[in-house]
Amino acid sequence: MLGLKLLTDPRWANIAESNLEEILTDHAWCEQKAATNAITLIANNSEHQELVDELTTIAIEEMQHFQQVVAIIKQRGYTLGRERKDDYVGKLLKFSKKDGSRNMAFVDRLLFAAMIEARSCERFRVLSQNIKDQELAKFYHDLMVSEAGHYTTFLNFARQYSTDVDVDKRWKEWLAFEGELIQSFGNKEAIHG
Ligand SMILES: [Fe+2]
Ligand SMILES: [Fe+2]
């Protein structure tokens, strides 16, 4: 699925469902971080008009997702907790190339975003197919579709704007790294946990 090297064990969904307040809090902040990432990309690469337009749409969609998750939290009588640290994303960020040319760093930032969208999409799929709560299963199915679209947008922009990067080769390196990394996750009630 989406080129991912390792699919999530469906038992992770049971761990997630055992603590809905926690997974929903973690999820809400994932959406906020996705919006922030899109805004940062806009601010740092404003010469690309098409990117500015598309990522503005994505930033808005991510904040709508945030709003939807927060609404579910309230509706169920839970409380939105403080922002959770995302070790998975932190490790991906370390893997991303920040040296080299400006274009290289830009393209790698787009691939970093595509990678997170791909895994998030896969995790939402696992939730939608394995949790017993039907309302949430439907919600996660809809989000899975949305994040798949974001994944495609980021990957296409990486290809479109690359001037000195072999994007397909670099994307393979991302998939290989992520496939190793994700092996140490899948045991916590967090979207990338
Ligand atoms: Fe989202
Ligand atoms: Fe997204």
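Mentor: A residue is buried if 20 or more other C-beta atoms lie within 10 Å of its own, exposed if 12 or fewer, and partly exposed in between. Keep in mind that this is a predicted model.

Trainee: Is T152 buried, exposed or partly exposed?
Mentor: T152 sits in helix α6, residues 134-161. Count the other C-beta atoms within 10 Å of T152: there are 14. Buried needs 20 or more, and exposed needs 12 or fewer. T152 therefore falls in between, as partly exposed.

Trainee: How far apart in space are T152 and L2, C-alpha to C-alpha?
Mentor: In sequence, 150 residues separate T152 and L2. In space, their C-alpha atoms are 9.3 Å apart.

Trainee: Where does D166 lie, and is it buried or exposed?
Mentor: D166 belongs to the loop between α6 and α7. It has 11 C-beta neighbours inside 10 Å. The limit for the exposed class is 12 or fewer. So D166, in the loop between α6 and α7, counts as exposed.

Trainee: What is the C-alpha distance between D166 and G90?
Mentor: Along the sequence, D166 and G90 are 76 residues apart. In space, C-alpha to C-alpha, the gap is 24 Å.

Trainee: Which residues does I15 touch, beyond those up to four places away in sequence?
Mentor: I15 lies in helix α1, residues 11-17. With 17 other C-beta atoms within 10 Å, I15 is partly exposed. Leaving out residues up to four places away, I15 touches N187, K188 and E189.

Trainee: How many helices and strands does the protein have?
Mentor: Read the elements along the sequence: the pattern is α-α-α-α-α-α-α. The tally is seven helices and zero strands.

Trainee: How are α2 and α3 oriented to each other?
Mentor: Helix α2 covers residues 20-44 and helix α3 covers residues 49-75. Their axes come within 8 Å and cross at roughly 165°. Angles over 145 degrees count as roughly antiparallel. Hence α2 and α3 are roughly antiparallel.

Trainee: What is the handedness of the α2 and α3 crossing, and how do the contact residues divide?
Mentor: The crossing of α2 past α3 is left-handed. By class, the residues of this contact are 18 nonpolar, four polar and two charged.

Trainee: What about α3 and α6: which orientation do they have?
Mentor: Their axes come within 11 Å and cross at roughly 155°. That makes α3 and α6 roughly antiparallel.

Trainee: Which residues of α6 meet α3, and how do the contact residues divide by class?
Mentor: α3 passes α6 in a left-handed crossing. From α3 come L51, E54, I58, E61 and H65; from α6 come L143, S146, H150, T153 and F157. The classes are four nonpolar, four polar and two charged.

Trainee: Which orientation do α5 and α7 have?
Mentor: Helix α5 spans residues 102-130, and helix α7 spans residues 167-181. Their axes come within 11 Å and cross at roughly 45°. The α5 and α7 pair is therefore oblique.

Trainee: How do the residues of the contact of α5 with α7 divide by class?
Mentor: The crossing of α5 past α7 is right-handed. V107, L111, M115 and R119 of α5 meet V167, R170, W171, W174 and E178 of α7. They divide into six nonpolar, no polar and three charged.

Trainee: What radius of gyration does the protein have, against that of a compact globule?
Mentor: The C-alpha atoms fill a box of roughly 50 × 30 × 25 Å along the principal axes. For 193 residues, a compact globule would come near 16 Å. The protein agrees, with 16 Å.

Key
Residues are numbered from 1 along each chain as its sequence is written. Chains are lettered from A and ligands numbered from 1 in the order in which they are written. This is a predicted model: local features need pLDDT of at least 70, side-chain atom pairs count only at pLDDT 80 or more; totals for chains, interfaces and linings use all residues. Axes are lines fitted to C-alpha atoms, for helices over the stretch in contact, and angles run from 0 to 180 degrees between N-to-C directions. Helices (H or I, at least four residues) and strands (E, at least two) are DSSP runs, numbered from the N terminus. Angles under 35 degrees count as roughly parallel, over 145 as roughly antiparallel, 65 to 115 as roughly perpendicular and the rest as oblique. A crossing is left-handed if the near helix is turned anticlockwise from the far one by less than a right angle, and right-handed if clockwise. Ala, Val, Leu, Ile, Met, Phe, Trp, Tyr, Cys and Pro count as nonpolar, Asp, Glu, Lys and Arg as charged, and the others, Gly among them, as polar. The radius of gyration is taken over C-alpha atoms; the globule rule is 2.2 Å times the number of residues to the power 0.38. Two residues are in contact if their C-beta atoms, placed from the backbone, lie within 7 Å.
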